Structures are given as structure tokens and as C-alpha cells.
Amino acid sequence: MAKTERELVLDILTEVLENGKFSHKVIGPMLEKQPLSRQEKAFITRLSQGTMERLITMDYIINLYSKTKVNKMKPVVRNVLRFSVYQMFYMEQISDATACNEAVKIMIKRGMGGLKGFVNGVLRTIAREKENIAYPDMEKDFVKASSVIYSVPEWLVKHFNDSYDKEKTIAILRGFSGERPMTVRVNLQNATLEAVEQSLAEEGIVASRHPHVDNALFLEKVGAIHKTKAFREGWIQVQDASSILAVASAGIENGMCVLDVCAAPGGKSMFAADLTGTQGSVIARDLTEKKVDLIRESKERCKFAHLHPQVFDATQLDESMVAWADVVLADLPCSGLGILSKKPDIKYRVQKEDLNELVELQKKILDVVWQYVKPGGVLLYSTCTINPQENEGMVQWFLTQGYPFTLESMQQLFPGEYETDGFFMAKLRRK
């Protein structure tokens with residue numbers, strides 16, 4: 001018997017929130033296994049991602065009206081309550097009565113009919129009290145109130161507030177919220193912007209040009225992007241505008257040699273290959289065969305024969321590559337705090353102590369990969385985070401270690417700014 005949309009949402013939340021799997025590795029494969037319409041997939045994605053994005057807010061509301069606190073509930077109970085409350089507060093097209101009734105049905109189908117009364121009672125109480133929810137006071141406790149209202153762990157709110165100020169912190173937290181359309185970049189070696197727009201329109205996909213980034217399109221009503229002609233033919237690459245801007249800032253030109261040291265899944269490498277043309281050469285490396293396979297798939301699809309995927313550990317020196325590259329792309333492992341709108345589960349996984357470990361790894365990699373840059377060439381350091389220690393702090397560290405580089409430009413993009421993810425990029429020129 002086929003599962004309902006909400007049952008699939010429950011399965012997704014269980015895999016991510018209870019079993020510790022990554023949301024982007026759960027949602028796509030699970031939807032592909034089911035005979036679902038585009039509309040059904042959109043509903044499931046919205047409800048599961050939205051619930052994860054607003055998890056702290058949902059738990060706060062549930063705990064106000066339940067004698068049994070969320071962390072003491074059975075996993076099925078708490079996750080059914082979570083996505084049901086999300087529907088009540090954030091999905092206007094669904095009535096409170098429908099949210100309650102569907103929750104009861106799932107409890108019965110999952111063999112937990114004995115708790116259907118509890119679930120129904122909590123949800124109907126919340127439905128009655130929706131307009132009377134007492135949230136923490138921003139003036140009395142900025143950190144706790146921001147955590148609940150924007151659904152971000154308290155330590156992370158404090159971290160942003162210590163790094164910036166209250167006004168900027170709130171802007172960052174707001175930038176994490178809300179849906180943004182998928183962004184793709186057009187491979188100009190393979191197609192024109194106009195041809196891609198026409199092809200997508202013929203398949204019912206709404207495409208609009210990015211207001212701040214050349215050759216980038218916002219897509220709506222997409223469904224499965226990999227099934228479109230534009231994707232299959234290698235005309236487009238899914239890539240956030242912030243990542244596109246970073247590669248563009250490196251100044252890659254036709255015929256150049258480019259090394260991407262932490263390349264998976266390969267968006268930056270594909271853009272580099274598009275910019276160098278067939279007269280150039282791009283080597284795209286990552287740590288494992290599984291990651292490099294993702295790059296190989298994109299290479300074959302985009303037909304970039306001059307792009308060479310390789311398995312290699314970026315912390316180890318490759319003597320054969322010293323002073324080989326005109327441009328080294330060093331988009332290094334980071335805390336990912338700039339992409340919480342796309343991967344909301346990151347904010348519940350990352351811990352404060354993780355930040356220090358990542359900083360040390362970044363230093364270790366930079367200590368090696370600068371050697372691959374030719375004299376006069378460019379080292380582009382970038383991350384998808386908004387943590388100053390990993391960004392401006394890392395650049396300042398690099399410049400004080402005696403490495404033969406000068407800083408040409410440095411930019412921190414914040415979530416939602418210029419319609420992008422949170423992202424950092426620094427262009428360093430070898431003397």
C-alpha cells in the first residue's frame with residue numbers, strides 16, 4: 001500500500017532527526033522511489049524541510065501545551081506533532097482541522113492508536129491558542145528569544161551576536177528563513193542563455209535571470225531537474241550564485257591551468273572548465289572516490305574533456321603540481337553556516353568545538369596548496385560560512401605567516417544578500 005505524503009514526511013524526519021542522516025541525502029532519494037506527482041514532491045519537500053528549519057520554534061510551542069515534553073516523547077509522536085504544528089503556522093492552504101485529522105490517521109497507521117488522543121488533544125489546544133502564543137521577550141533575553149523565533153540554537157545566536165551586533169545578527173537569522181528558488185548557471189561553451197530559457201519554458205519550468213549574476217537563472221516549478229533536457233545535455237549546472245561569484249572573482253581566462261583542491265560535487269570546477277575553454281586545463285580533486293565520482297558525472301554530462309577529476313588528499317603535497325596552476329580554487333571544508341536555508345539540519349549538528357577543528361584543518365590545507373600557484377597566479381580561498389574565524393581571520397592568519405601572497409580582494413556575503421547563500425571569498429595573488 002502506497003504511503004501518504006505525510007507518512008513520507010514522517011519517514012524523512014525520522015531518518016534525519018532521529019537517525020542522524022543528512023537531509024539532502026534523504027529527501028531526494030526517498031522521493032525518487034515513490035510514484036509521486038510534481039505537486040506531491042513539492043509538498044513533501046516543503047513540509048519536511050520547513051519542519052526542520054523551524055524545529056526549535058515547533059518544539060517550543062509543543063512544550064507550552066504538552067505535559068510530556070518533546071524530548072521525552074516517542075520519536076513518532078514528536079515528529080508527527082512537529083510537522084502538524086508547522087502546517088498550522090506556516091501552510092495557510094491547510095486548515096487546522098486537516099492537520100489534526102491527518103496526524104491522528106498516521107498514529108493509527110503506525111500502530112500507535114493508543115496515543116492518538118494525546119496527539120489530537122495537544123494539536124487542538126495549539127490550534128485554539130495560536131494567536132496567544134507567548135514567545136520569549138527580545139528585550140529581556142535577546143539570545144533565547146532569537147533562538148525560539150528564528151529557530152537557531154542559542155549558542156549559535158550568541159556566536160553571531162559576539163561576532164557582529166544585534167541588528168546584523170537578526171538580519172542573518174532572517175536570511176536563513178524562507179524558500180529561495182533553485183539557481184543554475186549556464187555553461188556557455190554548450191548553450192546560450194536564450195536557448196536554455198526556451199528549453200526550460202517548453203518543459204513548464206519558470207526561469208528568470210538572476211539580478212546580480214551573469215548567466216545564472218532562478219528556476220521555479222522545477223520538479224526533477226536532472227530530467228530536463230537542459231541538464232541532461234550539460235547546458236546547465238546547479239550552483240548557487242555565491243559560488244558562481246567566487247569563481248568569477250578569480251579572473252580565470254581562456255587557456256589557463258586551474259586546480260580545484262576540494263572540488264566535490266564539482267560546480268566550481270565546471271565553471272572553471274567553461275571559462276578556460278578547451279585550450280585550458282582543469283584538475284578537480286577531492287578526498288574520496290565517492291566524491292570524485294560526482295565530479296566525473298558532471299564532467300561527462302557537460303562534455304568537458306579538458307577537466308580531469310582525481311582522488312587526492314589536499315593536506316598532502318603533490319610535488320609534481322608545484323607552481324603549475326594559474327589559479328588554485330581552495331573552497332575548503334567549513335562549518336556551512338551560510339547555507340542553513342538549504343540544509344537546515346546543519347544548525348542542529350554543528351557544535352561550537354567543531355569550529356576550532358575546522359580552522360585547524362583549513363590552515364593545514366592552505367599550508368600545502370599555496371605551493372601549486374605559479375608566481376603571479378591566484379589563490380582563491382572561499383567557504384560557505386559566515387564565521388569570521390574561518391573567513392577574515394583565516395586570511396589574516398595566512399598573510400602573517402610569510403607566504404608570498406598579497407590580498408587583492410575579500411568579500412563576505414550574508415544569507416539573502418544579493419539573492420545568494422552566505423559565502424566568503426578572498427583573492428590572493430602570489431608575488
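Partly exposed means a relative accessible area between the buried limit of under 20% and the exposed limit of over 50%. The panels below show close-ups of a predicted model.

**Panel A. Ala323 has a positive phi without being a glycine.** Its phi is about 55°. Ala323 sits in the loop that links β7 (307–311) and β8 (325–331). Its relative accessibility is 34%, so Ala323 counts as partly exposed.

**Panel B. Ser151 is another non-glycine residue with a positive phi.** Here phi is near 55°. The residue belongs to the loop between α8 and α9. Ser151 has a relative accessible area of 0%. The limit for a buried residue is under 20%, so Ser151 is buried.

**Panel C. Helix α9 (residues 154–163) has four named buried positions: Leu156, Val157, His159 and Phe160.** Viewed down the α9 axis, these buried residues fall within an arc of 160°, so they line one face of the helix. An α-helix has 3.6 residues a turn, so residues three or four places apart point the same way. The buried residues of α9 pack against several other helices. These partners are α8 (142–150), α10 (166–176), α16 (346–349) and α17 (352–369).

**Panel D. Helix α1 (residues 5–18) crosses helix α6 (residues 96–109).** Their axes come within 10 Å. The crossing angle is roughly 70°. Angles of 65 to 115 degrees count as roughly perpendicular, and α1 and α6 are therefore roughly perpendicular to each other. The crossing of α1 past α6 is right-handed.

**Panel E. Side by side, the residues where α1 meets α6.** From α1 come Arg6, Glu7 and Leu10. From α6 come Thr98, Glu102, Ile106 and Lys109. By class, this contact of α1 with α6 holds two nonpolar, one polar and four charged residues. Leu10 and Ile106 are nonpolar. Thr98 is polar. Arg6, Glu7, Glu102 and Lys109 are charged.

**Panel F. The peptide bond between Ala264 and Pro265 is cis.** Omega for this bond is about 5°. Pro265 is part of the loop that runs between β5 (257–260) and α14 (267–276).

How values were computed:
Residues are numbered from 1 along each chain as its sequence is written. This is a predicted model: local features need pLDDT of at least 70, side-chain atom pairs count only at pLDDT 80 or more; totals for chains, interfaces and linings use all residues. Side-chain values use heavy atoms; hydrogens and water are left out. Buried means under 20% relative accessible area, exposed over 50%, partly exposed in between (1.4 Å probe, protein chains only). Helices (H or I, at least four residues) and strands (E, at least two) are DSSP runs, numbered from the N terminus. The arc is that of the directions from the helix axis to the C-beta atoms. Contact means heavy atoms within 4.5 Å. Axes are lines fitted to C-alpha atoms, for helices over the stretch in contact, and angles run from 0 to 180 degrees between N-to-C directions. Angles under 35 degrees count as roughly parallel, over 145 as roughly antiparallel, 65 to 115 as roughly perpendicular and the rest as oblique. A crossing is left-handed if the near helix is turned anticlockwise from the far one by less than a right angle, and right-handed if clockwise.
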